[in-house]
Amino acid sequence: MANEEVLIGSIDQGTTSTRFFIYDRNAKVVASHQVEFGQIYPQAGWVEHDPMEILESVRVCMQVACEKAKAAGREVEKGLKAIGITNQRETTIIWSKSTGRPLYNAIVWMDARTSSICRRLEKELENGKNHFVESTGLPISTYFSALKLLWLLESVDDVKRAVKDNDALFGTVDSWLIWNLTGGAKTIGKDGTEVQGSHVTDCSNAARTMLMDLKTLEWHEPTLEILNIPPSILPRIVSNAEVIGEIVQGWPFAGTPLAGCLGDQHAAMVGQSCRIGEAKSTYGTGCFILLNTGEKAIVSKNGLLSTVAFKLGPSAPTNYALEGSIAIAGAAVQWLRDSLGIIQSASEIEDLARTVENTGGIYFVPAFNGLFAPWWRDDARGVCIGITRFTTKAHIARAVLESMCFQVKEVLNAMSMDAKEEERTNEKGEFLLRVDGGASVNNLLMQIQADLLGSPVVRPADTETTALGAAYAAGLATGVWTEEQVFSSEAKKEEPTVFYPTIEDEHRKKRYESWCKAVERTFDLANLSF
């Protein structure tokens, strides 16, 4: 038994790409594959995906990773014990129960089309923007799934008809994937009988809809009634680590249990082994900072979100988190590449930014579709201030990197005000920020982050902690690992890279004050004339 092949799979479905990883018993990557897919921009502020393209990207990633693992001599069919799923959160899909076809494109988390619905609800409801905070932990914002679902219910005829005919199912990307992987509209199970897909979501993804009661982890009926959302279209809520179903024939790894599911930022917390009082920041398309507050959900007074961190089993305690969500981080680098042509690949930005010692007084605020935490201003739009004839593309590139770090600093300042007593420090009394995500491999970005925070930044040897967290959840559900193994620091054998601050406090303070001035310039710009 000691030499038996034990493998765990992980589907990592993100905003711009899908990946599939296969891990061994020691949580080391055996094989992986990535497929990028396009985003759809029907008009300014709208962002969509093709749900069928997402499905196909998952299928290709699973198949190619399987082939790679076999080529490396791994007994994949025999050794794969379970598969976990992690996904972009809030992105909203509604599809036909009978045909399995989407009734509209997926509305992506950063989409801002629901701003008029938000304003309407703020005026109608007694507590305005914060009406649902006490029950769901979330303010009224274009960010969350409930508002996107409301737009679909009010604006799309196919959706209206399907709801009337009891043929509509709603879900975030995890629900869409699980439903299709476990049967979809109709398929044949391994025993030869017809099966339909499991319509479920996990508590971390459900926590991002603005429809789930944070205390009970069930759909909040008063909220559904206020928004006129029919409960029949909603998925069943499960924990983050339990067997959800089996993959059906027609997919790679048929018969393998789906046994773990978390939203991407929650998966990263598990992958980073974040215990109570520890925080992580994931630098991807956006940037997301979460602090584990244990079994206590803290209501923020400083613009942060109360959310589920993870619940690692049906009977396991629920860990909560304070979250600061930043809409645009790596997406600003993509903008430099794809829209402005300043760089040819995302990796070029570090070398370009290093050709100058500072930004030359440039401050860039990437409020492309508004600002999330801690401001929550959907009337904000991007600005670049301080431009002179001295300004070069290198200064702009460096200002883009700094914009990510300043936004993280804003969130951590708010987090400290909300939960100072919960923060865990090292023996020197320093708060350590754990980082991960694609952009965290940029050494200059991480050094700037440490400088602006005035505290160390810790980057693990493996920065793909989101996929690892979903693998851990699946492994926990099927007995491959224990929680002690997952959260033990002794089990992390590879040393992390630590970035220490190198600038003086006064310099740090002045730069942050300048950043705050730049942020104020973004307000009330959403209705500028074309």
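**Close-up views of a predicted model**

View 1. At 48% relative accessibility, Asn 166 counts as partly exposed, because the partly exposed class lies between under 20% for buried and over 50% for exposed. The model shown here and in the following views is predicted. Asn 166 belongs to the loop that links α6 (157-164) and β8 (168-172). Although this residue is not a glycine, Asn 166 has a positive phi of about 55°.

**View 2. Ser 273 in the loop between α10 and β17 (279-283).** Is Ser 273 buried or exposed? Ser 273 has 5% relative accessibility and therefore counts as buried. Its phi is positive, at about 55°, although Ser 273 is not a glycine.

**View 3. The cis peptide bond between Ala 373 and Pro 374.** The omega angle of this bond is about -5°. Pro 374 is part of the loop between β21 (363-365) and β22 (383-385).

**View 4. An open sheet of six strands.** The strand order is β3-β2-β1-β5-β16-β15, and the pairing is mixed. Strands of a sheet pair through backbone hydrogen bonds, in either a parallel or an antiparallel arrangement.

**View 5. The hairpin formed by β2 and β3.** Strand β2 (residues 17-23) and β3 run antiparallel and are joined by seven bridges. Within this pairing, Phe 21 stands opposite Ser 32 in β3, and Ile 22 has Ala 31 of β3 as its bridge partner. Five residues lie between the two strands. In the turn, Ala 27 has a positive phi of about 65°.

**View 6. Helices α10 and α15 lying across strands of the sheet.** Helix α10 (residues 264-271) lies across β5 (80-87) and β16 (257-263), and runs at about 100° to β16. Helix α15 (residues 465-477) lies across β1 (7-13), β2, β5 and β16. The direction of α15 is at about 135° to β1.

**View 7. The largest nonpolar core and a second, separate core.** Which residues have the most contacts inside the largest nonpolar core? They are Met 210, Met 212, Leu 227 and Ile 229, in a core of 142 residues. Helix α13 (residues 393-419) gives the most to this core, with 14 residues. Not counting residues up to four places away in sequence, Leu 227 touches Leu 121, Phe 132, Ala 146, Leu 150, Met 210 and Leu 211. In soluble globular proteins, nonpolar side chains tend to be buried together.

**View 8. The packing of helix α5 (residues 145-155) against α6.** The two helices pack at an angle of about 90°, with their axes 6 Å apart. This angle makes α5 roughly perpendicular to α6. From α5, Leu 152, Leu 153, Glu 154 and Ser 155 meet Asp 157, Val 159, Lys 160 and Val 163 of α6. Classified by type, the contact of α5 with α6 has four nonpolar, one polar and three charged residues.

How values were computed:
Residues are numbered from 1 along each chain as its sequence is written. This is a predicted model: local features need pLDDT of at least 70, side-chain atom pairs count only at pLDDT 80 or more; totals for chains, interfaces and linings use all residues. Side-chain values use heavy atoms; hydrogens and water are left out. Two strands pair if DSSP finds at least two bridges between them. Helices (H or I, at least four residues) and strands (E, at least two) are DSSP runs, numbered from the N terminus. Contact means heavy atoms within 4.5 Å. Axes are lines fitted to C-alpha atoms, for helices over the stretch in contact, and angles run from 0 to 180 degrees between N-to-C directions. A nonpolar core is a set of buried Ala, Val, Leu, Ile, Met, Phe, Trp, Tyr and Cys residues joined through side-chain atoms within 4.5 Å. Buried means under 20% relative accessible area, exposed over 50%, partly exposed in between (1.4 Å probe, protein chains only). Angles under 35 degrees count as roughly parallel, over 145 as roughly antiparallel, 65 to 115 as roughly perpendicular and the rest as oblique. Ala, Val, Leu, Ile, Met, Phe, Trp, Tyr, Cys and Pro count as nonpolar, Asp, Glu, Lys and Arg as charged, and the others, Gly among them, as polar.
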